[in-house]
Amino acid sequence: MDYAVLTGIVLVTGVVLALVAQWRDWRPPLLVAVAVGIAVRVLIMYTSAIDSWQPVDFVESFKPAGEAVLRGEDPVLASEGGWHFLPTIPYAYGILLWLGIPWEYAGRLVTVVADIVLIPLVAKLAGGPKASLRAFQYALNPLALMVACIHGQVEPVALMFGVAAFVVARGPGAPERPGMTTDVIARVRAGLAAHGVRASVPRVIGRGGMLHRSLLPSEDDRADLRRGALAGLLMGLALCAKSWPIWLIPGMLLLLPHLRARVAALFATGLVPVFFLVTLPIFAGTSLDQIPAVIHTIQDIRPIVGEWGWTPWLTEGQWALRPDLASFGTKLIYVSVVAAVLYWRRADPVDMTIAVLLVFMVMTPRLGAQYLMWFMPFLVARPTRFAWPAIIGASLWAGYGYLYMTQFDFNGWWLQHADWSRASILLLPILALAMPWGRRRVATAPGPVPSQGCSGESRITSPA
C-alpha cells in the first residue's frame, strides 16, 4: 500500500479527536460531523483508488459482479461464485460502471456514500443531547474508514439499512402507550363509573368493544403498522446487501410497539429478498432453471477458518478448510446468541443487539476484518464502559492488516499472517468486556433517550 503513512496519520488523528471530544464533551453540530466525515472519506477513497495495491476480493469478486450486471448476466453465476449474495449491490456497481466511472472509484463510491449516511443515523440512534457527539465520533471511526474507503467492503451498505430500520422501528421516542386491552378497560370503566355503575369486566362484544377495536385498529395502530412495514423493508434491503443482518432482526422487532407491527415488519423483511430473487430473470438475465443454482451459491459458505480468535491456534495461524471447526464454531455461535438474547431480554433492544453482535465476534470460528464493523454504529451510539478499548483494539488489529501487512509481497504477507491472526485472541476478552453488562433492564422514566457515557450508567427509556 503506497499511502499507508498518510492514511495512518489520518486515522490516528481521528481517534485522538474522538477521544478528546469525549473528554471535553464537545457537541459539534451534526452538519460539522457530516462535513468532517465526508472530508476524511473522500481523502482516503482517493488515495486508495490511485494506489498500486488493491484488495484481492475488490478486484476479483466485486468488480466481476458489477461487470456481469453491465453485460446483462447474473452476477452470482457469472462471477464464478465470487459473489455470494443477492445482486442488489452489483446493480449499483453496474450503473456506476455504465456511467463510465473507473472501477477503483465506482466500487468504493457505493460503500463510502453508505458510510456517510450512517453518520446522521448514528446520531438518531443515540438520541439525547449527545447525539451530535456520537455522530462526530462515528465520522472519525478508523475501522469504518478502512472498510468503506480502502477495502470497499459492503458492510456499510448493510449497516446503513439496518441502522435505519432501528431508527424507524423505535419511532419518535415517545413514552410507551398503554396496550389496547388496558386502554379499552380504562375507557369502559370510566364511562360506567360516570353513570354510577361499578364494573370489573369491560364490554367485549358490540360496537366499541374490545373485539371490535381489535378487528378495526385505530389510526395510531395503523401508524404503527406502517412503521413496522417500513422498518421491515429497510431490514430486507440490509439482508439483500449481505446475509449477516439477520442478527439485527430481533432487536428491530422488539423496538416495535405490539405484535401486529412486528408481524408486518417480519413480513416486509422477507418480502424484499424474495422480490430481488424472483426478478432475477428481468434485471439480471437469469433463466428460471438457473435460480436454484443461484440460491445454492448464496447459501454455500466454505468452512475456511484460521483468520481470527481461537481457530488460528488450531491451524498454525493459516487459513484452512476445517469443517469440524467451522461446524463446532457455528453451534457455539447459536448457543451463545440465544444465551445473550435471554440474558438481555429486558434491556433496551439496541443494547441487546450490541450484546448479540459482540458475542458473535467472540465465538465465531471465521471472520474477516470487515465483520468488526457490525457492532460499530451501535457501540458508538450507545457506548459501554469498555467501548473505546474495543473500538481501538479492533481498529489496531484491522489496521495492521490493511496498512502494514500490505507493504510485503505475497510470501511476506503470509508470514505476517500467522502472528497477526493468532494475536486476535487478545481482543476476545476486550470485546466481551464491551458488552452492556450494566444495562440489562430498561429504565422506565419518560422523556427522550439520552446518549450514554463511557461509564454505561446513563438512564434510558423504554422503547415506544
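Trainee: Is Tyr400 buried, partly exposed or exposed?
Mentor: Tyr400 is partly exposed, with a relative accessible area of 33%. With a 1.4 Å probe and protein chains only, buried means under 20% relative accessible area, exposed means over 50%, and partly exposed lies in between. This is a predicted model, in which local features need pLDDT of at least 70, side-chain atom pairs count only at pLDDT 80 or more, and totals for chains, interfaces and linings use all residues. Residues are numbered from 1 along each chain as its sequence is written, and side-chain values use heavy atoms, leaving out hydrogens and water.

Trainee: How many aromatic pairs are found in the whole structure?
Mentor: The search finds 27 aromatic pairs. Rings of Phe, Tyr and Trp (its six-membered ring) pair if their centres lie within 6.5 Å; planes under 30 degrees apart are stacked, over 60 edge-to-face, and the rest tilted.

Trainee: Which type of pair do Tyr91 and Phe283 form?
Mentor: Theirs is edge-to-face, at 6.2 Å centre to centre with 65° between the planes. Tyr91 is buried at 14% relative accessibility, while Phe283 is partly exposed at 47%.

Trainee: And what type of pair do Tyr400 and Tyr404 form?
Mentor: That pair is tilted, with centres 4.9 Å apart and planes at 40°. Tyr404 is partly exposed at 38% relative accessibility.

Trainee: Changing topic, how many disulfides are there?
Mentor: The search finds zero disulfides, a disulfide being a pair of cysteine sulfur atoms within 2.5 Å. Cys149 is buried at 0% relative accessibility, and Cys240 is buried with a relative accessible area of 0%.
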